[in-house]
Amino acid sequence: MPYSIYIFPLLSVLLGYAVALFLKPKNKRNLKLLLAFSGSFLLSLTVMHLLPEVYESDLQHIEGHHHHHHSAVGIYIMIGIVFQIILEYLSKGAEHGHVHTHDHLHKMPWLLFFSLCIHALLEGMPISNDNHLAFGIAIHHFPIAIILTSFFVNAHLKAKAIFFFMFVFAFMTPIGTYLAENLEFLTHYYTQIAGIVIGILFHISSTIIFESSEGHKFNLAKLSVIILGIILAYFM
């Protein structure tokens, strides 16, 4: 297994953290375009690669056991969507860059921390079977890391707390990939876990695409990066 599937998701968060700290990007329009591209790329990878593989895997399982029932993948996808809605209630939508820069934090936001870590951990699990997804998750996490770090800095959270938060968050996706690869229990339930992650990715990527424009106005630049994300995902 290539080490890149661990390294890319890890480095994207650390790079986003460094960009926010040292370059301090001020142009929100560019960040929103990057978010729209990441949402489009991630959704396209999910639809074109991950979704067919999971259904194919489930179909082979059904045929191998001579079952005569319909695939349950759709149920797990819906569980993933509902689970992500619950996580967003706790994180206030930080998974898709929805944070308020005027908020002030006087202590570690533990609910945000745990919900984002669970989210990142689950996202890493299907990567062990679908290596292409590592690039999608990495591109998805990069602008999120910039937005989150900028939010924490503006909210006057202590530098050590920001480093701890982003450092642990960066490792959660590679840990999820490692666990899915090495724990037999998780390997046995790959179809169910991947179905839940597809639901999570559906919800996040579609939310990013629809929320990344001001007042839902037509935006040629946004449309262009969305189409670019689809084309790149097709050739992955």
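**Helix 4 against helix 8**

I began with helix 4 (residues 110-124) and helix 8 (residues 190-211) in this predicted model, and found that their axes come within 9 Å and cross at roughly 120°. That angle makes helix 4 oblique to helix 8, and I noted the crossing of the two as left-handed.

I then listed the residues that meet: His 119, Leu 122 and Glu 123 on the side of helix 4, and Val 197, Ile 200, Leu 201 and Ile 204 on the side of helix 8. Sorted by class, this contact of helix 4 with helix 8 has 5 nonpolar, 1 polar and 1 charged residues.

**His 203**

Staying in helix 8, I looked up His 203, which counts as buried because its relative accessibility is 18%, under the 20% cut-off. Its side chain makes a polar contact with the side chain of Glu 88, at 3.1 Å. When I left aside neighbours within four places in sequence, I found His 203 in contact with Ile 81, Gln 84, Ile 85 and Glu 88.

**Helix 4 against helix 5**

I returned to helix 4 and checked how it packs with helix 5 (residues 133-154): the angle is about 165° and the axes are 12 Å apart. Helix 4 is therefore roughly antiparallel to helix 5, and it passes helix 5 in a left-handed crossing.

From helix 4 the contact draws on Leu 112, Leu 116, His 119, Ala 120 and Glu 123, while helix 5 supplies Leu 133, Ile 137, His 140, His 141, Leu 148 and Phe 152. I recorded the residues of this contact of helix 4 with helix 5 as 7 nonpolar, 3 polar and 1 charged.

Conventions
Residues numbered from 1 in each chain as written. Predicted model: local features only at pLDDT ≥ 70, side-chain atom pairs only at ≥ 80, totals over all residues. Heavy atoms only, no water. Axes fitted to C-alpha atoms, helices over the stretch in contact; angles between N-to-C directions. Helix = DSSP H or I, 4+ residues; strand = E, 2+ residues; numbered from the N terminus. Parallel < 35°, antiparallel > 145°, perpendicular 65-115°, else oblique. Left-handed = near helix turned anticlockwise from the far one by under 90°. Contact = heavy atoms within 4.5 Å. Nonpolar A, V, L, I, M, F, W, Y, C, P; charged D, E, K, R; others polar. Buried < 20%, exposed > 50% of the residue type's maximum accessible area, 1.4 Å probe, protein only. Polar contact = N/O pair within 3.5 Å; in protein donor to acceptor, adjacent residues only side chain to side chain.
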